[in-house]
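Hi,

Here's the structure I promised to pass on. Have a look, and then read my notes below.

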Amino acid sequence: MAKYLVVEKLGHTAIITLNNPPANVWSLQALQELLAEMSTLDRDPNIRSVVMTGAGEGYFSAGADLKQFASGDAALAAEVADAFANAFRAVRQFHGVTVAAINGYALGGGLEWALSCDYMVAERGAKLGLPEARVGLVPCAGGTKGLTDKVGVAWAKRIVLGGETIGADKALAIGLVEEVVDPGFAKIVAVSLANKVTAQGPDAVIEAGKLIEASQLRSIDEQLAHEKAAFLRLFGQSEQREGVTAFLAKRAPSWQGAGEDDDEE
């Protein structure tokens with residue numbers, strides 16, 4: 001049983017809450033728990049989306065537990081860095097949609113956790129930043145890439161090199177978060193957004209997600225070729241047939257069992 005994470009299931013959505021008061025920091029064990037939980041959820045076809053949030057009202061997550069580094073143990077530091085990378089990679093590679101519900105400070109590894117999600121909802125009053133340089137370190141869980149991909153080089157440098165902590169409204173203005181809500185509503189809105197994926201074909205979501213992730217590395221002609229290949233992989237499968245049939249019949253599609261017989265056809 002997890003010590004630092006609380007996992008709830010609400011229909012096709014799982015909610016993971018980091019519960020390590022007072023600041024919801026990431027210990028080595030907490031990161032290992034996140035990796036294990038994400039691996040389990042990724043194998044569950046009934047779970048289509050995962051919402052990430054922090055316990056309480058003040059902190060989404062303040063990042064790494066710096067007490068782990070006080071001894072100067074380089075081997076432990078390397079182990080923690082690997083644990084961050086592995087846990088957040090599992091979030092990025094989840095087969096469905098992941099949404100961060102930022103309900104307070106999201107700093108360092110806390111913001112990197114949110115950046116590993118597909119999109120973010122932040123409450124007014126939340127503060128976001130990557131302040132690792134203040135303690136003589138750098139982000140090591142994908143923060144420099146994830147932040148730069150979202151806000152561009154100039155803002156990434158302001159936040160990382162300048163140690164700038166920004167509020168939710170500024171984060172929305174520069175494209176760091178996708179929605180800002182009143183205090184107490186991040187989790188509710190994040191679950192609502194996450195549930196939207198249940199209307200989409202499960203295999204189509206997986207294929208589209210891969211295409212979007214790889215699009216920045218390809219030319220338009222390369223992307224067109226990959227889109228065609230994915231389109232044809234989906235075409236004629238039971239999921240696609242159900243989707244078209246439901247659309248023409250003006251009813252909601254039933255994805256239950258879709259795709260299960262495709263390997264036998």
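Helix 2 (74-92), strand 7 (97-102), helix 3 (109-115), helix 4 and helix 8 (202-214) each put at least two residues into the lining of the largest pocket. Helices (H or I, at least four residues) and strands (E, at least two) are DSSP runs numbered from the N terminus. A pocket here is an open set of points on a 1 Å grid over the protein atoms alone, where a 1.4 Å probe fits, with protein on both sides within 12 Å along at least five of seven lines; lining residues have an atom within 4 Å of a point.

Keep in mind that this is a predicted model: local features need pLDDT of at least 70, side-chain atom pairs count only at pLDDT 80 or more, and totals for chains, interfaces and linings use all residues. Residues are numbered from 1 along each chain as its sequence is written, and side-chain values use heavy atoms, leaving out hydrogens and water.

Back to the pocket: which helix gives the most to its lining? That's helix 8, with eight residues. In total 35 residues line the pocket, and Arg-92, Asp-118, Gly-209, Ile-212 and Glu-213 lie nearest its centre.

Now for the loop between strand 10 and helix 4, where you'll find Arg-134. Arg-134 counts as exposed because its relative accessible area is 57% (exposed is over 50%, buried under 20%, partly exposed in between, using a 1.4 Å probe and protein chains only).

Cheers
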